[in-house]
Amino acid sequence: MQQVSTKASKQFITTNDLRRMGVTVDTIKPGDGTNYPRQGQRLTMHYTGTLKSNGSKFDSSHDRGRPFQFVIGIGQVIRGWDEGVMKMSLGEKAKLTITSDYGYGSQGAGNVIPPNADLVFEVELLKIG
């Protein structure tokens with residue numbers, strides 16, 4: 001075990017707990033580099049979501065034939081989207097790699113996303129506003 005000290009107290013964590021948590025944004029196609037989403041704006045996006053563990057697809061706006069719309073930064077989507085998409089500019093296509101704590105956590109989602117699953121989304125920011 002590795003000891004980690006904090007100002008208030010000492011806590012012990014195992015090396016398995018030291019994995020990187022959050023969201024990573026890898027640009028596939030650059031956007032305009034000027035227009036970035038701000039909290040409270042309605043966004044229109046295309047996406048495909050897969051499980052990081054085996055690459056199996058669990059959802060896609062492409063399959064439904066219409067983009068997905070939501071309001072950014074207010075919890076309408078998972079935390080990995082709220083934080084990752086805010087780093088994208090209009091027209092950008094990116095891969096969001098999201099750890100389970102920024103996704104659906106220990107509960108998973110329905111029968112398609114198991115508990116503690118890391119996720120990968122290929123997303124494209126089509127419209128802001």
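**View 1. The largest pocket holds about 170 Å³ of space.** The model is predicted: local features need pLDDT of at least 70, side-chain atom pairs count only at pLDDT 80 or more, and totals for chains, interfaces and linings use all residues. A pocket is an open set of points on a 1 Å grid over the protein atoms alone, where a 1.4 Å probe fits, with protein on both sides within 12 Å along at least five of seven lines. Its volume is the space filled by probe spheres set on the points. Lining residues have an atom within 4 Å of a point. They are Tyr47, Phe58, Asp59, Phe68, Val77, Ile78, Trp81, Tyr104, Val112, Ile113 and Phe121. The lining has 10 nonpolar residues, no polar and 1 charged; Asp counts as charged, and Val, Ile, Phe, Trp and Tyr count among the nonpolar.

**View 2. Trp81 in the largest nonpolar core.** This core has 23 residues, and Met45, Trp81 and Phe121 touch the most other members. Elements giving two or more residues to the core are β4 (42-51), α2 (79-85), β7 (93-98) and β8 (119-128). A nonpolar core joins buried Ala, Val, Leu, Ile, Met, Phe, Trp, Tyr and Cys residues through side-chain atoms within 4.5 Å; buried means under 20% relative accessible area (1.4 Å probe, protein chains only). Beyond four places in sequence, Trp81 has contacts (heavy atoms within 4.5 Å) that include Met45, Phe70, Leu96 and Val123.

**View 3. Gly40 in the loop between β3 (23-29) and β4.** Gly40 counts as partly exposed because its relative accessibility is 45%, between the 20% and 50% limits. Beyond four places in sequence, Gly40 is in contact with Val71 and Ile72. Gly40 and Gly73 lie 33 residues apart in sequence and 6.1 Å apart in space, C-alpha to C-alpha.

Residues are numbered from 1 along each chain as its sequence is written; side-chain values use heavy atoms, without hydrogens and water.

Definitions and conventions
Helix = DSSP H or I, 4+ residues; strand = E, 2+ residues; numbered from the N terminus.
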